Amino acid sequence: MAGHSKWANTKHRKNAQDIKRSKIFTKIIKEISTSSMKYGSDVSKNFQLRNLLEKANTYNLKKKSINKAIHGNVLGSKKDIFNSMKYAGYSSFGIAVIVYCNTDNSNRTVSSIRNIFSKFNTHLINFNNIKYLFDYFYTIKIDFMLHEKKNLLNIVNTNNLIISKKINKNFLEIKILTKHLTKIKKYFLSYSIIFKNVITKIIPKNILKINEEDHKKLMNMIHLLEKLKETTYIIHNGNR
């Protein structure tokens with residue numbers, strides 16, 4: 001009887017996990033479809049879609065389903081196609097600023113950003129000339145509802161590519177360098193562990209101290225950039 005009860009509990013838990021995974025799959029497919037429709041199917045320009053495809057591959061979604069989600073909406077609608085863009089610049093007091101945008105009119109967007117930068121004696125430069133000042137990470141969440149906590153922590157603690165971990169009530173969050181994502185995915189998949197989500201994080205390598213007046217100017221500039229409807233993310237390396 002005890003054996004039957006244990007089997008029944010195991011079966012119930014597996015069914016619950018399968019249902020949850022199915023909901024996750026449906027959500028990812030919907031997100032991919034929406035992103036490709038709004039911002040385009042070119043992953044070199046659609047930063048959001050690139051992250052979603054990484055997430056889909058992590059969950060082992062079928063390529064057929066992913067492609068259908070991407071091209072179904074893209075082919076069905078040519079209107080309101082947005083592209084992901086990034087703009088970079090130096091302030092007059094030496095602070096590096098990067099602005100990520102989703103735009104359907106790059107000329108309009110760059111003009112708006114250039115005008116804001118100019119108001120604060122800041123000039124736009126090529127992103128490649130400024131990106132070295134920042135580190136690029138992924139933060140990955142793994143659901144404790146789908147994986148046994150103790151085993152998961154043991155697996156995490158034995159991988160030296162994981163920079164840090166944070167334990168929450170319902171999930172584990174780990175941080176890795178972006179260049180290590182493929183290796184980390186293979187590592188966890190070898191243990192049949194799937195990710196809840198993968199989020200890009202950008203952190204300055206060094207924080208530059210500035211005086212109160214310059215900090216106020218920087219915050220005013222950031223505020224104006226944030227007000228642009230195209231802006232999705234801003235990072236800088238300045239502080240008081």
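Predicted model: local features only at pLDDT ≥ 70, side-chain atom pairs only at ≥ 80, totals over all residues.
Within helix α7, Lys217 and Glu213 are four residues apart, and so they are separated by about one helical turn; helices here are DSSP runs of H or I with at least four residues, strands are runs of E with at least two, and both are numbered from the N terminus. These two side chains form a salt bridge in which the closest N and O atoms are 3.8 Å apart, the term requiring a side-chain nitrogen of Lys or Arg within 4 Å of a carboxyl oxygen of Asp or Glu. Lys217 is partly exposed at a relative accessible area of 36%, whereas Glu213 counts as exposed at 54%; buried means under 20% relative accessible area, exposed over 50%, and partly exposed in between, with a 1.4 Å probe and protein chains only.

Residues are numbered from 1 along each chain as its sequence is written, and side-chain values use heavy atoms, with hydrogens and water left out.

How many salt bridges does a search of the whole structure find? The search gives two, and one of them joins the side chains of Arg108 and Glu230 at 3.0 Å, N to O. Arg108 belongs to helix α4 (residues 106–119) and Glu230 to the loop between α7 (212–227) and β9 (231–236), so this pair ties together parts that are 122 residues apart in sequence. Arg108 is partly exposed at 32% relative accessibility, but Glu230 is buried at 7%.

Turning to the sheet, four strands form an open arrangement in the order β5-β6-β4-β7, with antiparallel pairing, where two strands pair if DSSP finds at least two bridges between them. The edge strands, each pairing on one side only, are β5 (164–167) and β7 (197–204). Strand β4 (residues 134–143) is joined to the antiparallel strand β6 (residues 171–177) by seven bridges, and Asp143 stands opposite Phe171 in β6.

Phe137 lies in strand β4 and is buried, with a relative accessible area of 8%. Beyond its neighbours within four places in sequence, Phe137 is in contact with residues including Ile163, Lys175, Leu177 and Ile199, contact meaning heavy atoms within 4.5 Å. One of these residues, Lys175, also lies over the face of Phe137 at 4.7 Å from the ring centre; a charge sits over a ring if NZ of Lys or CZ of Arg is within 6 Å of the ring centre and within 35 degrees of the ring normal.

Finally, the structure holds four aromatic pairs, counted when rings of Phe, Tyr and Trp (its six-membered ring) have centres within 6.5 Å, with planes under 30 degrees apart called stacked, over 60 edge-to-face and the rest tilted. Tyr100 and Tyr233 form a tilted pair, at 6.0 Å centre to centre and 55° between the planes. Because Tyr100 lies in strand β2 (residues 96–103) and Tyr233 in strand β9, the pair ties together parts that are 133 residues apart in sequence. Tyr187 and Tyr191, by contrast, form an edge-to-face pair, with 5.4 Å between centres and 70° between planes; Tyr187 is buried at 17% relative accessibility, and Tyr191 is partly exposed at 43%. Ring pairs link Tyr187, Phe188, Tyr191 and Phe195 into a cluster.
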